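Student: Could you walk me through this structure step by step? I would like to ask a few questions as we go.

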Amino acid sequence: MHAKPLRHWLTIAAVAISLSPLAQAADYVGGDEITVLQGFKPGGGSDALAQLVQPRLSEILGVDFVNEYMPGATGAVAWTRLAKQSPNDGSTISITNTPMLMTNYIMNDAITYKTDEMTPIANVVTDPGIVVVSADSPYQTIEDLFAAAEQSPGTVTIGNSGVGGDDFFTTILLEQAKGLSFKKVPFQGDGPSATAAMGGKIDASFNNVGNVYGQVESGNLRALAVFAEKRLTSLPDVPTMKEKGVDVVAGSSRGYSAPADIPAEARQQLIEAFQTLAKDPDFQAQAEKRAMNLDVVTGDDYRAMIDKMESDYREIWDSVKDQVGR
Amino acid sequence: MDSSLVMIGLTNVISVNNIACILGGTLLGLFVGAMPGLSATMALALLLPLTFSFDPATGLSMLASLYVGASYGGSIAAILLRTPGTPSAAATVLDGFPLSQQGKAGQALGISLFASFFGGLMSGIALLTAAPLLGTLVLEFGPVELFAIAVLGITIIGSLAQGSVISGLLSGGLGLLLSTVGMDLTTGTPRMTFGQINLFAGIDFTVALIGLFSVPQALTLIENSHRGGKVASRITDRLMPRWRTIKQLMPNILRSSGIGIVVGLIPGTGGDTASWFAYNEAKRFARDKSRFGKGEIAGVAAPEAANNAVVGGALIPTIALGIPGSSSTAILLGALMVQGILPGPNLLTDYGDVTYTLIWAVILANIALLVVGLAFTKMSVSVTRIPDGFIACAILTLCIIGAFAINNSLFDVGLMLGFGLFGYWMSKAGVSPAPMVIGLILGPVMETSFQQSMLIGNDSFGVFLESPIATVLLILALLSILQATPFFRWLRVPFKRRLKPD
């Protein structure tokens, strides 16, 4: 009675393995296998990106990708490993989430890696920031929310995904730009923050489009504004903060980085692979289906993006660190 | 509810491929659950990448049945070896192992299997019929309400302190204290981490649980291995419980399943919490409380019905709203996302075919559990014929693998061994590790939700009285504390006198 299901299971496993892309001729200088360190648990946002990107990248480069999940300290365990203990021959890379990548060590001295100990390869997606309220919230527009905060400073409750996350900093940027003061309520991730807004437990949640898109579409949440350069094609009726006179563009980005000083040829091959990937129409269509906002920035430009973020966020943190925690 | 989608789901599930996946998933779940150190969440995480190449319905069926299987499997090791196979089977140890020592391991395992089956089936039916209705209930539970639940849960420590209340409170307090290790939610400040970044995310309570329960048991087995004359090495009693026993346990099973469904619903609490709640309530409602902890079958049925009912309960908000009710369902939701299905309230409508397949898979997995479980349990009982010394080594090996697999971190292995030595000392000193585990589970929930509540309520404790749910739960907590003190006995004294006029 045991043999049958077990045999079926083995057959399925065997089929699954045989279906996975076989290694092609190894022309990548970093070897025929690339280990991807993931700083978060399987099934999270980083993993979703990995499952979308890596099978295609695997065909382009002719290598196999092996995911190694090492969650802990909001990604810092994996990124410390990348910067300090990984071979710099191009055989190990990591999914790097910004701004968390830098806010981790800006805020905590005990986290010792730095972004200059890494070789940024390519940013792939940027999930723009968004302001959402519950469907029955009295705030119909972003101006209503501003007015409420102006009337009674420090009482309008704004959920974020945690101290140090992008939403936390976006709230501070908005406060500084508008001279407002909100009550910032941290949650353990974007999901709980959105759920609290949905239940009317907090006045608004500063979140990311990809996390709340389904809830906004179905009417459980109302989007008041997005922190993007232009209106999003997926949410054409939602104004940008720029339109409202607030020059804040922010979001959470995910890309790939390698340890410092990897062979120039390996770096170039990886960068070119991402550039090829970005042009793939099937990849673009799949990303859109998953509400992933593609923002492919490669090589030196990704380095510049990371450096700018580092100095920006260091400045914000220095200006507010004494108030946090009251 | 769209009945055509329900039928599509059913017909999707009843294919050779999917049934094979469900049977395979259940068996794998039983195996993983039975191994101390490997938990359902971990097995889901490990299996997840394999299902990426499957069709969504097949992959989900397999993951769901694995979840169901593991929820029961944990009790096998808990009963036979005093080492909970999964965190949610920790409460089963209290009465399951004494039963096994009395030579009634078969009875305990049978009760556990049937309670799991009924709990799982009830939650599956709740999932099929009332998901949209119950799903909206989740939104009522914000930080304020979650804090009240955590407080109510902490009061269980009082009633679990077997023997000495002082040592029980010490153990519980220590658990709460250890749960504060890690980054402070509102300030981002690392507390008691000694600059060790592996501690930033706090102490994973699964790591602590493996150490506290399994390592001391392995050491005790080694200690006694040369003595010979093993007790309870043969199962002489029957596995299938008598109909009379099941009927007698039914109110308990129904109550525990209800607790499991509700606790599963609420994001932030799962099987580990539900089993303790159910155990505590079974004890509260029992006529003879003194038998608990010494081999009471009701003490096995309650946590096992509850932790399997959590599966359906936790899936309710997941499919109704796209909000995961537990860490395991968060992985299932991740599986949907990777398959290109965006989680949201449209899971029951736009992706109804996949979602109803998942629901039917949960129900069928419970039936598969009964069939596969009977055979698997009979087989696993043979573990007791292996000499203690070998078992001890196997337990230790599994502990190390399990602790490592949680975060792929060697640091966690060291932490687990540290907890193991401490747990060994505790068992020698007669201090129960159960309150400590509750402290570790509920401590972070309580602290986080308290800080959030204070922010939302502008630093006023009044915020807890403004929410009717929180108020009721906090009153229940107060009553629960008073019940553990002589207070009620004093109240009853005058009435008792009147009843006895002579």
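Predicted model: local features only at pLDDT ≥ 70, side-chain atom pairs only at ≥ 80, totals over all residues.

Student: What is the radius of gyration of chain A, and why is chain A called as compact as a globular protein of its length?

Tutor: Chain A has 326 residues, and for that number the globule rule gives 20 Å. The model's own value is close to this, so chain A is as compact as a globular protein of that length. The radius of gyration of chain A is 21 Å.

Student: Which percentage of chain B is buried?

Tutor: Chain B has 21 helices and 2 strands, and its C-alpha trace spans about 70 × 65 × 60 Å along the principal axes. A residue counts as buried if 20 or more other C-beta atoms lie within 10 Å of its own. Of the 502 residues in chain B, the buried share is 61%.

Student: Which element gives the largest share of the side of chain B that touches chain A?

Tutor: Where the chains meet, 51 residues of chain B are in contact with 59 residues of chain A. Four helices of chain B give two or more residues to this side: α2 (16–34), α3 (40–51), α14 (327–338) and α18 (434–456). The largest share is 6 residues, and they come from α14(B).

Student: How many charged residues are on that side of chain B?

Tutor: Sorting the side of chain B that touches chain A by class gives 29 nonpolar and 21 polar residues. The charged count there is 1.

Student: Are helices α4 and α6 of chain B roughly parallel or roughly antiparallel?

Tutor: Helix α4 (residues 56–81) and helix α6 (residues 105–135) of chain B pack with their axes 10 Å apart, at an angle of about 160°. Angles over 145 degrees count as roughly antiparallel. That makes the arrangement of α4(B) and α6(B) roughly antiparallel.

Student: How many nonpolar residues are in the contact of α4(B) with α6(B)?

Tutor: The residues that make this contact include B:Val68, B:Tyr72 and B:Ile76 of α4(B), and B:Leu109, B:Leu113 and B:Gly120 of α6(B). By class, the contact has 5 polar and no charged residues. The number of nonpolar residues is 9.

Methods. Residues numbered from 1 in each chain as written. Chains lettered and ligands numbered in written order. Axes fitted to C-alpha atoms, helices over the stretch in contact; angles between N-to-C directions. Parallel < 35°, antiparallel > 145°, perpendicular 65-115°, else oblique. Contact = placed C-beta atoms within 7 Å. Nonpolar A, V, L, I, M, F, W, Y, C, P; charged D, E, K, R; others polar. Rg over C-alpha atoms; globule rule 2.2 N^0.38 Å. Buried ≥ 20, exposed ≤ 12 C-beta atoms within 10 Å, placed from the backbone.
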